[in-house]
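Please look over the sequence and the model below, and then read the briefing that follows, which is grouped by topic.

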Amino acid sequence: METVIDAYDLRHGVYVTLIYFAVYFGMLLQQSITSQVLARTYKNKEKPFVKYYNTTDARLLRADRTVGNTLEQMGVFLTLYWLAIYVSSIKGSNSSSVALSGYIYVLGRALYAPAWAISGSSAKGIKPLILLATVPCYVVQVYCAYKLWSSV
């Protein structure tokens with residue numbers, strides 16, 4: 001049986017996917033911890049606590065948007081990423097660059113919450129620092145789409 005995807009590309013594609021999911025589940029855990037800590041804090045201060053899309057507390061907004069943004073981009077990224085690896089492999093194009101570009105994407109996702117925390121972003125808008133985490137992710141998506149497009 002003929003191998004469709006190079007073993008190197010497949011291995012790195014799987015690593016990127018698993019790391020991506022680990023980062024995502026870490027974000028879910030952070031969101032849950034943040035929500036629980038803030039719920040207790042608000043209860044102790046006898047203040048009302050809004051759990052879902054709380055735009056008044058920057059910590060919970062950051063946790064919610066980190067999870068939400070990652071989830072919003074997950075389908076687009078993973079679909080483009082794996083299709084680009086597969087089609088590039090079939091066509092003999094350089095699929096290794098696609099496989100490795102996934103690490104850049106995952107790093108950008110992992111830096112999203114710290115960039116937001118440092119930049120002090122709020123519901124009123126983002127600050128330039130957050131773009132250091134998001135722009136490379138969009139560049140990787142465009143690159144995967146380009147590799148896919150140029151391979152068919």
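Thr134 is buried, with a relative accessible area of 9%, where buried means under 20% relative accessible area, exposed over 50%, and partly exposed in between (1.4 Å probe, protein chains only). Thr134 belongs to helix H4, which covers residues 128-151; helices (H or I, at least four residues) and strands (E, at least two) are DSSP runs, numbered from the N terminus. This is a predicted model, in which local features need pLDDT of at least 70 and side-chain atom pairs count only at pLDDT 80 or more, while totals for chains, interfaces and linings use all residues. Residues are numbered from 1 along each chain as its sequence is written, and side-chain values use heavy atoms, with hydrogens and water left out.

**Around helix H4**

- Leaving aside residues up to four places away in sequence, Thr134 touches Arg109 and Tyr112, where contact means heavy atoms within 4.5 Å.
- Lys127 sits in the loop between H3 and H4, and Lys127 is partly exposed, with a relative accessible area of 39%.
- The C-alpha atoms of Lys127 and Trp116 are separated by 8.0 Å, although these residues are 11 residues apart along the chain.

**The whole protein**

- The protein has four helices and zero strands, and along the sequence this gives the pattern α-α-α-α.
- Of the 152 residues in the protein, buried residues make up 39%.
- The accessible surface of the protein comes to about 8800 Å², and 66% of this surface belongs to carbon and sulfur atoms; accessible areas come from the Shrake-Rupley method with a 1.4 Å probe, and for residues only the protein chains shown count as cover.
- When contacts between residues at least 6 apart in sequence are considered, 72% of them join residues at least 24 apart.

**Helices H1 and H3**

- Two packed helices are described by the angle between their axes and the distance between the axes.
- The axes of H1 and helix H3 (residues 95-119) come within 9 Å and cross at roughly 10°, where axes are lines fitted to C-alpha atoms, for helices over the stretch in contact, and angles run from 0 to 180 degrees between N-to-C directions.
- That crossing makes H1 roughly parallel to H3, because angles under 35 degrees count as roughly parallel, over 145 as roughly antiparallel, 65 to 115 as roughly perpendicular and the rest as oblique.
- Among the residues that make this contact are Tyr8, His12 and Tyr15 of H1, together with Ser95, Ala99 and Arg109 of H3.
- Tyr15 lies in helix H1, residues 7-44, and Tyr15 is partly exposed, with a relative accessible area of 40%.

**A nonpolar patch**

- Leu10, Val14, Tyr15, Leu18 and Ile19 make a nonpolar surface patch of about 420 Å².
- Patches are made of residues with over 30% relative accessible area and no salt bridge, with like charges joined within 9 Å and nonpolar side chains (Val, Leu, Ile, Met, Phe, Trp, Tyr) within 5 Å.

- Val67 is in helix H2 (residues 58-91), and Val67 is buried, with a relative accessible area of 7%.
- Not counting residues up to four places away in sequence, Val67 touches Tyr24, Met27, Leu28 and Gln31.
- A search of the whole structure finds one salt bridge, a term for a side-chain nitrogen of Lys or Arg within 4 Å of a carboxyl oxygen of Asp or Glu.
- The side chains of Arg65 and Glu72 meet in a salt bridge at 3.1 Å, N to O; Arg65 counts as buried at 19% relative accessibility, whereas Glu72 counts as partly exposed at 48%.
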